[in-house]
Amino acid sequence: MLNDKSILITGGTGSFGKAFTSYVLEHYRPRKIIIYSRDEFKQFMMQNEFKAYSDRLRFFIGDVRDKDRLIRAFEGVDYVIHAAALKQVPACEYNPAEAIKTNIGGAQNVIDAALDSGVKKVVALSTDKAVNPVNLYGGTKLVSDKLFVAANAYAGSKDICFSIVRYGNVAGSRGSVIPFFHNLIKNGGIELPITDYRMTRFWISLRQGVELVIKALEEAKGGETFISKIPSFKVTDLAQAMLPGCHMPEVGIREGEKLHEIMVTVEDAPNTYEYDKHFIVYPQMVWSESRRTKPTGKKVPEGFSYSSGNNTQWLGVEEIQQRLKTVELEK
């Protein structure tokens, strides 16, 4: 599917962008992959990391806030993966206008540039924090998700569709608890603080996140939100897996933090279908019969929700220890 295609990744120097680039180069022969981001140093580092594929990689300095630059970068592009965002919860709370400009204004710019440039498919990365948001980051990503779903209404006769992939913090990423615990242990810590003993999280690897995006590129018709079926773990079990027998003081939940990650709400259930390895939330509104998707999965029951707290798949301490052996901490 990606052979001889031109693919652009916004925020492409991040952990997802590098993992996606590596996966695509390993499994396909794209015409080119364009890395679109603001940081010239990170682009330089990524160029060196992927030096063997220099004939198929292009690096484009630009900001998603700049629609003219996006239009220039999107010229001749078949597929866009939108991964650029301001993601740090405290930073977004302290700089709300900047979060809105990047996460909402930038999303609209990506949509407009894609519509005007002949792009065939756009997949936007979302987050569990966009579901029933309790912080500004989640609020901006909720609006972004709505924009990408509604973008299908503006496609008209154009051969383009927009879809969303949603998952939580990737194991080992800067936003996850694993590197926090790792640093405490590395510096001789003998206790790992727990914000709330009831807290749970989903476990997803970078590769699983990449594979879900590939599935969306293959299957999306327009407006769907793809969600992986993944196991949950208790944060207390993670602490015991990383430092067996450690003391775990309960320090209280932080502002803007949830006890559980939630991917599908009760309100989403009427439009949600279950498949072997994922769920799809279909758009509530369909603006064109030609773009109406006929789900082939199993409709979830009334009142269904999918969160790390009510999951049916769980990792115990030993399983977490095995998975930790394959986790690469994001630098």
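**View 1. Two cysteines, C246 and C92, in the predicted model.** In this predicted model, C246 counts as buried because its relative accessibility is 9%, a value under the 20% below which a residue is called buried. C92 also counts as buried, with a relative accessibility of 2%. The structure holds 0 disulfides, a point to keep in mind when looking at the sulfur atoms of these residues.

**View 2. Helix α1 packed against helix α8.** Helix α1 is formed by residues 15-27 and helix α8 by residues 206-219, and the two pack at an angle of about 65 degrees, with their axes 9 Å apart. That angle makes α1 roughly perpendicular to α8, since the range from 65 to 115 degrees is the one described in this way. The crossing in which α1 passes α8 is right-handed. On the side of α1, the contact is made by S15, F16, A19, F20, Y23, V24 and H27, while α8 contributes L206, R207, G209, V210, E211, V213, I214 and L217.

**View 3. Helix α5 alongside helix α6.** Helix α5 spans residues 96-117, and helix α6 covers residues 136-150. The axes of α5 and α6 come within 9 Å and cross at roughly 15 degrees. The two helices, α5 and α6, are therefore roughly parallel to each other, as angles under 35 degrees are counted in that way. Their crossing, that of α5 and α6, is right-handed. From α5, the residues that make the contact are P96, A99, I100, N103, I104, A107, Q108, V110 and I111, and from α6 they are L136, Y137, T140, V143, S144, L147 and F148. The residues of the contact of α5 with α6 divide into 12 nonpolar and 4 polar, with no charged residue among them.

**View 4. Helix α9 and helix α10 where they cross.** Helix α9, made of residues 235-242, and helix α10, made of residues 317-324, have axes that come within 9 Å and cross at roughly 60 degrees. The crossing of α9 and α10 is a right-handed one. In the contact, D237, L238, Q240, A241 and M242 of α9 meet V317, I320, Q321 and L324 of α10. The residues of this contact between α9 and α10 divide into 6 nonpolar, 2 polar and 1 charged.

**View 5. Two residues of helix α9, T236 and D237.** D237 is found in helix α9 and counts as partly exposed, at 22% relative accessibility. When its neighbours within four places in sequence are left aside, D237 is in contact with L315, V317 and I320. D237 and V317 are 80 residues apart in sequence, yet their C-alpha atoms are 5.4 Å apart in space. T236, which also has its place in helix α9, is buried, with a relative accessible area of 13%. Again leaving aside neighbours within four places in sequence, T236 is in contact with I194, Y197 and M248.

**View 6. L57 in strand β3.** L57 lies in strand β3, which runs over residues 57-61, and this leucine counts as buried at 6% relative accessibility. Not counting residues up to four places away in sequence, L57 touches T21, I33 and F50. The C-alpha atoms of L57 and P244, two residues that are 187 residues apart along the chain, are separated by 44 Å.

**View 7. D128 and N132 in the loop between β5 and α6.** D128 counts as buried, at 4% relative accessibility, whereas N132 counts as partly exposed, at 47%. Not counting residues up to four places away in sequence, D128 touches R166, Y167, G168, N169, K258, E261, I262 and M263. For N132, phi is near 45 degrees, a positive value in a residue other than glycine.

**View 8. D4 in the segment before β1.** D4 is found in the segment that comes before strand β1, which is formed by residues 6-10. The phi angle of D4 is near 60 degrees, which is a positive value in a residue other than glycine.

Definitions and conventions. Residues are numbered from 1 along each chain as its sequence is written. This is a predicted model: local features need pLDDT of at least 70, side-chain atom pairs count only at pLDDT 80 or more; totals for chains, interfaces and linings use all residues. Side-chain values use heavy atoms; hydrogens and water are left out. Axes are lines fitted to C-alpha atoms, for helices over the stretch in contact, and angles run from 0 to 180 degrees between N-to-C directions. Helices (H or I, at least four residues) and strands (E, at least two) are DSSP runs, numbered from the N terminus. Angles under 35 degrees count as roughly parallel, over 145 as roughly antiparallel, 65 to 115 as roughly perpendicular and the rest as oblique. A crossing is left-handed if the near helix is turned anticlockwise from the far one by less than a right angle, and right-handed if clockwise. Contact means heavy atoms within 4.5 Å. A disulfide is a pair of cysteine sulfur atoms within 2.5 Å. Buried means under 20% relative accessible area, exposed over 50%, partly exposed in between (1.4 Å probe, protein chains only). Ala, Val, Leu, Ile, Met, Phe, Trp, Tyr, Cys and Pro count as nonpolar, Asp, Glu, Lys and Arg as charged, and the others, Gly among them, as polar.
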